Amino acid sequence: MYIQRTKDKFDNLKGGDPIVMGIESSCDETAVAIVKGRRVLANIVASQIDIHRKYGGVVPEVASRSHTDVIIPCIDDALTHAGLGLDDIDCIGVTYGAGLIGALLVGVSAAKALALCKDIPLVKVDHIEGHICANYINTTLTPPFVSLVASGGHTAIYKVNGYNDHEILGATRDDAIGEAFDKVARMLGLPYPGGPQVDKLAKQGSPTIKFYKHDKGVNPDLSLSYSGLKTAVVNYIHNLRQRGEEPFAPDICASFTTEAVDLLVDTTLEATRRTGLKTIALAGGVAANSYLRNKLKVEGEKRGFEIVFPPLELCTDNAAMIAMRAYFSAVENKNYADMSLNARPNL
Ligand code: KG4
Ligand code: ZN
């Protein structure tokens, strides 16, 4: 009943684009944003990086508590920034998976409470689909296109057939590429989160070390793998240290980045060729990597593909992308949720 009521409410909406609030709390950023169509009216991100840095990674229990502390202030801030009140919000989109269970529950509970109290339609959002939708913000991008999602928990290539139709073409068989970036950074003693640090150091080094031989090139099933490369880098650094030598971090970063990214780019280009599509949209935290952005653009354009990627602040976790994903669900009457919505850590 609730679902039908919210659907009617959206159908009856008059005058212009709906205003959608997005709520994101799947990992270590508490984020609330408001969009109107493809325009961002507010984009608040409360990062927990400083809290987790001393542990060298995200501590789930600490993350949940921190989300609880700041979720309401973030909602207030977003409304203030947009110059709106809760009564102006036409729809609330919330990340319900994948992510840390305790962290997700904070956002889901807040979104359900707002939806129930103010009778606002609620839409459930898959975090990864949210990353893809960062590419719609302030652009005219329309499906179909291919999207490469490279983040801390996910590495996959999608065929985006429609705003609500994401078909997987290939994915990692083990670790995510961002996880490998973070592990290499930790081994080198770089502060959390490691990806941006590896990116910075790689620019000062040369890719002279061959860690792991991908002599077979692109896998026919378009699958990827990062655990072997990650272990190879770890072993390389261990071996040097056992001999009393300290690794030269810039060369390690440059060599690792090249190996990690080149096969990802080749696989994405092959996947795109097979679809016959001409546009590739990059997404996820690792989409902020300068080598990946440049390599995909150069190699893609050589083959006549158009390469698009979001601005840096919309690559890493944010709620504008979650609101954008919810917007496209709502306008096609998809993914509405009721008060039984629960967090799905392994979505
Ligand atoms: O999408 P995201 O913010 O969170 C997840 O959904 O996982 O991605 C975070 C990941 C982390 O592994 C982080 O180190 C990586 O993205 N990352 C980068 C860069 N910026 C963030 N990796 C490589 N180069 C970067 N510039
Ligand atoms: Zn993410």
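Author: One term to begin with: helices here are DSSP runs of at least four residues, strands are runs of at least two, and both are numbered from the N terminus. Also, this is a predicted model.

Reader: OK. Where is Gly276, then?

Author: Gly276 is in the loop between helix 9 (249-275) and strand 9 (279-283).

Reader: Is Gly276 buried or exposed?

Author: Gly276 is exposed, because its relative accessibility is 53% and exposed means over 50%.

Reader: What separates Gly276 from Tyr192?

Author: Along the chain they are 84 residues apart, and their C-alpha atoms are separated by 39 Å.

Reader: New topic. How many disulfides are there?

Author: A search of the whole structure gives 0 disulfides. Take Cys133: the nearest cysteine sulfur belongs to Cys91 and is 13 Å away.

Reader: Are Cys133 and Cys253 buried or exposed?

Author: Cys133 counts as buried because its relative accessibility is 1%. Cys253 counts as buried too, with 0%.

Reader: Now ligand 1. Where does it sit?

Author: Ligand 1 sits in the largest pocket. There are 18 residues around ligand 1, and the closest are His131, Gly152, Asp182, Asp199 and Gly285.

Reader: Which helices supply residues of that shell?

Author: Helix 5 (127-133), helix 6 (177-187) and helix 7 (194-202) each supply at least two residues of it.

Reader: Which atoms of His131 and ligand 1 are 2.9 Å apart?

Author: An N or O atom in the side chain of His131 and an oxygen atom of ligand 1. With Gly195 a backbone N or O atom is involved, 3.0 Å from an oxygen atom of ligand 1. For Asn289, a side-chain N or O atom is 3.0 Å from a nitrogen atom of ligand 1.

Reader: What share of ligand 1 does the protein cover?

Author: The protein covers 89% of the 550 Å² of accessible area that ligand 1 has on its own.

Reader: Last one. Where is Ser223, and what does its side chain contact?

Author: Ser223 is in the loop between helix 7 and helix 8 (227-242). Its side chain makes a polar contact of 2.8 Å with the side chain of Asp221. Ser223 also counts as buried, because its relative accessibility is 6%.

Note on methods
Residues numbered from 1 in each chain as written. Chains lettered and ligands numbered in written order. Predicted model: local features only at pLDDT ≥ 70, side-chain atom pairs only at ≥ 80, totals over all residues. Heavy atoms only, no water. Disulfide = S-S within 2.5 Å. Buried < 20%, exposed > 50% of the residue type's maximum accessible area, 1.4 Å probe, protein only. Near = heavy atom within 4 Å. Polar contact = N/O pair within 3.5 Å; in protein donor to acceptor, adjacent residues only side chain to side chain. Areas by Shrake-Rupley, 256 points an atom, 1.4 Å probe, with all protein chains shown as cover. 1 Å grid on protein atoms, 1.4 Å probe; cavity = no way out; pocket = protein on both sides within 12 Å on 5 of 7 lines; lining within 4 Å. Sits in = over half its atoms within 2 Å of the grid points.
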